Amino acid sequence: MLHPVDDPVDVEALFPARAPYPTPLRLRWQGRPFPVEDIHLIHERWEGSTRLLFYSVTAGGSLLRLRFDGTKVRWFVEGVQWEVEC
Amino acid sequence: MLIILHIDMDAYFASVEQQANPALRGQPIVVSGRPDIHSVVAAASREAKTYGIRAGMSTWEARKLCPHLTFVPGDPDKYETITRRFLDVLVDYTPMVEVYSIDEVFMDVTQEADRHGGALCLAREIQRRLRATLGEWITCSIGIAPSKLLAKLAVEKAKPAGVHRICPQDVPQVLARTPVEDVCGIGPRIARRLSHMGIWNLADLSRYPEGYLRARFGVYGAVLAMWGRGLDPSPLIPYWQEEELKSVGHSHAVPKALRDPEGARSVLLYLCERTGRRLRSKGLAGRVVHLDLRDANMHHRGGQRALEVPTDDEEIIFQTALDLVRSHGGFPGQTTMVGVRVGSVISGKEAPRPLLPEQRRRERLEHAMDHIRNRYGESALWRGSVYACRVLTQATGGMGRQKEIAQDRQADDRRS
């Protein structure tokens, strides 16, 4: 199960012109770089007028749940599960 | 001849969770409510199904069948997002798409099938595109047939992740080997009554004179007669013709901490608040308040009361529901489920405005609260008396919000 955290994180992302969601490529969390190896699922939730995007990704061998706040253009790590076995 | 596709997502909620978390793939998992709530299995993964676990089963029963089962709490935002995305794919092929439930869709591809090399090729192309869009673990089965009824029967043969077609010439054999209880709409009680009449399968039903069925079952007899011939009396209703909502309501299983009468009262107020908010956000007002309570012995009690004028005021809904509770002897000692629903809805513009200053003040207050919640989210404001209910999930609309999903899809069409 995911271990809940709520840490802001630096993310290098692509905003493709014709795709509905931005694509995270790399992130730097707790001083360590993590390449995003796989994006498993993206879903969204509205909190008032703010659309939040949630990414379930594998980065550096761990499963991370990222949150992207489009209003503030900020990324957060919401949950982590170390060493994912596929 | 019509060509209807019935697309049914396989073990939907469970496969979405397995898609989101690779560690759950290949594992027996179920999506269910929270462990402290008397909960049922909302969806079982394919692996869990091999242990005999089915949707609707209680969680303790599921754990008995598979002690190493993983329970995953449901996340309605995920499922709604995925449903919206697969609808985006399907409307690329035809606008004749009916949103039947959060994970089931009917499509009329009579006009479009030839352009894609036939219905089978089209079905396989849809499966490929959905996999590419949603992920490898989210698969669907597709039934193809000349009516909605037969397409729904066909999809059961297609599971998992397959395609099954019932051609017009195969219909008599299909009717002869389909037991009546396999038809969605024929429950065990009706099936038992039919068996007493010597009707076991759909072919038996087709041989029975319609007049006799009408005499036994009334209007429903005419529907049974059509089903017996493999026809579906309900036409495909595309999402852009989706009917207006007939009622708005919420229900929730009550966690242990809130099962005493005081706790149940605050859950009722919380649900009335959310019902009023949803009515106002849709510009609706309703005239009949329905209440449903369930006690620890799983007995339901409740009733309904018509108001003099339609309302979207949560306070009036709550007071009416509370009167209903009192008229049924108060809250049970242990309330395990509370539900409230406002029916006979009309446009809010047709409802009379409040006359009394106190009601007007409350209307202004409710609108101000709506503005704050529209801007900052549902949890931005809480009444003190329902603050304990923050443990309840926000998704009290349940998983059956297909009408709202269809209407949102209409709105997307208008925007584009």
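This passage describes the two chains of a predicted model, their folds and their interface. Local features were taken at pLDDT of at least 70 and side-chain atom pairs at pLDDT 80 or more, whereas totals for chains, interfaces and linings use all residues. Residues are numbered from 1 along each chain as its sequence is written, with chains lettered from A and ligands numbered from 1 in the order in which they are written.

The secondary structure of chain B comprises 15 helices and 13 strands, where helices (H or I, at least four residues) and strands (E, at least two) are DSSP runs numbered from the N terminus. An automatic or database domain assignment divides chain B into domain 1 (1-166), domain 2 (171-228) and domain 3 (244-415). The centres of domain 1 and domain 3 of chain B, taken over C-alpha atoms, are 30 Å apart. The C-alpha atoms of chain B fill a box of roughly 70 × 55 × 50 Å along the principal axes.

Of the 416 residues in chain B, 41% are buried. A residue is buried if 20 or more other C-beta atoms, placed from the backbone, lie within 10 Å of its own. B:Ile144, in strand E7 (residues 140-145) of chain B, is buried because 26 other C-beta atoms lie within 10 Å. Beyond its neighbours within four places in sequence, B:Ile144 is in contact (C-beta atoms, placed from the backbone, within 7 Å) with residues including B:Ile3, B:Leu5, B:Leu120 and B:Val163. The C-alpha atoms of B:Ile144 and B:His6 are separated by 6.5 Å, although these residues are 138 apart along the chain.

Chain A has 0 helices and 6 strands. Its C-alpha trace spans about 35 × 25 × 25 Å along the principal axes, and its radius of gyration of 12 Å agrees with the value near 12 Å for a compact globule of 86 residues. Buried residues make up 28% of chain A.

At the interface, 16 residues of chain B are in contact with 15 residues of chain A. Helix H1 (12-20), helix H4 (76-90) and helix H14 (357-376) of chain B each supply at least two residues of the side that touches chain A. By class, this side of chain B has 6 nonpolar, 6 polar and 4 charged residues, with Ala, Val, Leu, Ile, Met, Phe, Trp, Tyr, Cys and Pro counted as nonpolar, Asp, Glu, Lys and Arg as charged, and the others, Gly among them, as polar.

Notes: Two residues are in contact if their C-beta atoms, placed from the backbone, lie within 7 Å. A residue is buried if 20 or more other C-beta atoms lie within 10 Å of its own, exposed if 12 or fewer, and partly exposed in between; C-beta atoms are placed from the backbone. The radius of gyration is taken over C-alpha atoms; the globule rule is 2.2 Å times the number of residues to the power 0.38.
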